[in-house]
Structures are given as C-alpha cells and as structure tokens.
Amino acid sequence: MKVMIGMGCDRNASLDTLRQALAQALWRCGLDVSTVAGLASIDKKNDEAALLQLAQLHRWPLFFYPAEVLAAIPVPNPSEVVMKYMGTPAVAEAAALRAANAELSDLLVEKHKYCGTDGKNATVSIARIK
C-alpha cells in the first residue's frame, strides 16, 4: 500500500517538528516512511523551508494546491481558524485526499496534530492512494 501525506504547519515550523508529527501519524496507522509516495499542502506553503526539506530528504514529490481546490474537498474535521487564515476549511486532510485521488473512506489518519519543541504546530493526514 502507498499513501499520500497531507501536511499543514505554523509558519517557520522546524524540520524536527514536521518529522515528529509525520512519524507519530504513520505509527498511528501502522505504516512507515517506505509507504509514503509524496507530500501535499496548500500553495501558500510552497516556500515553507521545513516542508521543502522533508520532501527533499526523502526524495518525495511535493504537491501544492490552491485554497479553492482544497475547499471543494469534503473533510471530516473542517476548521474555522484554518478557513479564516487559509481560505479553506482544511489543509492536511484535503491535500492528502486530493494528492491520493482518494475518498473519505481512504483517509487512514484524519488530522493528527503535534506541537513541537519549537512551539510550532504541525498537522498530518494520511490517505491511501487509489
């Protein structure tokens, strides 16, 4: 099985925070990094250093979607805060589903939140690729 990772994070979150969030989310569904086919996020994060570093480190493709594309994808955990700042009710869940070309039933991890030692938050969602 291959999966796509949807990821959102606070601006300037560290690589360590993203790695920890991802490791925890993968552990929750009994997978490891070898199953990951790529990363996805919102286009507003296309200059987020840690996100770029994480993809480069694992040689994963990185997909970015505009808010209006992500907003059109039904998700189980929409957030008014994310809507206010990003223009879509979800980043991680919607990006994972879109990148995996998947449906809600393919969401293995809905919305795993992690706050790193840097005080920054990261959110990870994992979707099975169709």
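Colleague: How far apart are the mean positions of the positive and negative charges of the protein?
Modeller: This is a predicted model. The protein carries 14 positive and 13 negative charges.

Colleague: What radius of gyration does the protein have?
Modeller: Start from the chain length, 130 residues. A compact globule with 130 residues would come out near 14 Å, so the value for the protein agrees with that rule. The C-alpha trace spans about 30 × 30 × 25 Å along its principal axes. The radius of gyration of the protein is 13 Å.

Colleague: In what order do the elements run from the N terminus?
Modeller: The protein has five helices and five strands. From the N terminus on, the order is β-α-β-α-β-α-α-α-β-β.

Colleague: Which element gives the largest share of the largest nonpolar core?
Modeller: That core has 23 residues, and I5, M7, L18, L22, V124 and I126 have the most contacts inside it. Elements giving two or more residues include strand 1 (3-9), strand 4 (107-115) and strand 5 (121-128). Helix 1 (15-28) is also one of these elements. With five residues, the largest share comes from helix 1.

Colleague: How many residues are in the second, separate core?
Modeller: Among its members are L70, A90, A95 and A96. The count for this second core is 19 residues.

Colleague: What share of contacts between residues at least 6 apart in sequence join residues at least 24 apart?
Modeller: Take V124 first. Leaving out residues up to four places away in sequence, V124 touches I5, M7 and L22, among others. Over the protein, the share of such contacts joining residues at least 24 apart is 65%.

Methods. Residues are numbered from 1 along each chain as its sequence is written. This is a predicted model: local features need pLDDT of at least 70, side-chain atom pairs count only at pLDDT 80 or more; totals for chains, interfaces and linings use all residues. Side-chain values use heavy atoms; hydrogens and water are left out. Helices (H or I, at least four residues) and strands (E, at least two) are DSSP runs, numbered from the N terminus. The radius of gyration is taken over C-alpha atoms; the globule rule is 2.2 Å times the number of residues to the power 0.38. Contact means heavy atoms within 4.5 Å. Lys and Arg count as positive and Asp and Glu as negative; His and the chain ends are not counted. The place of a charge is taken as NZ of Lys, CZ of Arg, CG of Asp or CD of Glu. A nonpolar core is a set of buried Ala, Val, Leu, Ile, Met, Phe, Trp, Tyr and Cys residues joined through side-chain atoms within 4.5 Å. Buried means under 20% relative accessible area, exposed over 50%, partly exposed in between (1.4 Å probe, protein chains only).
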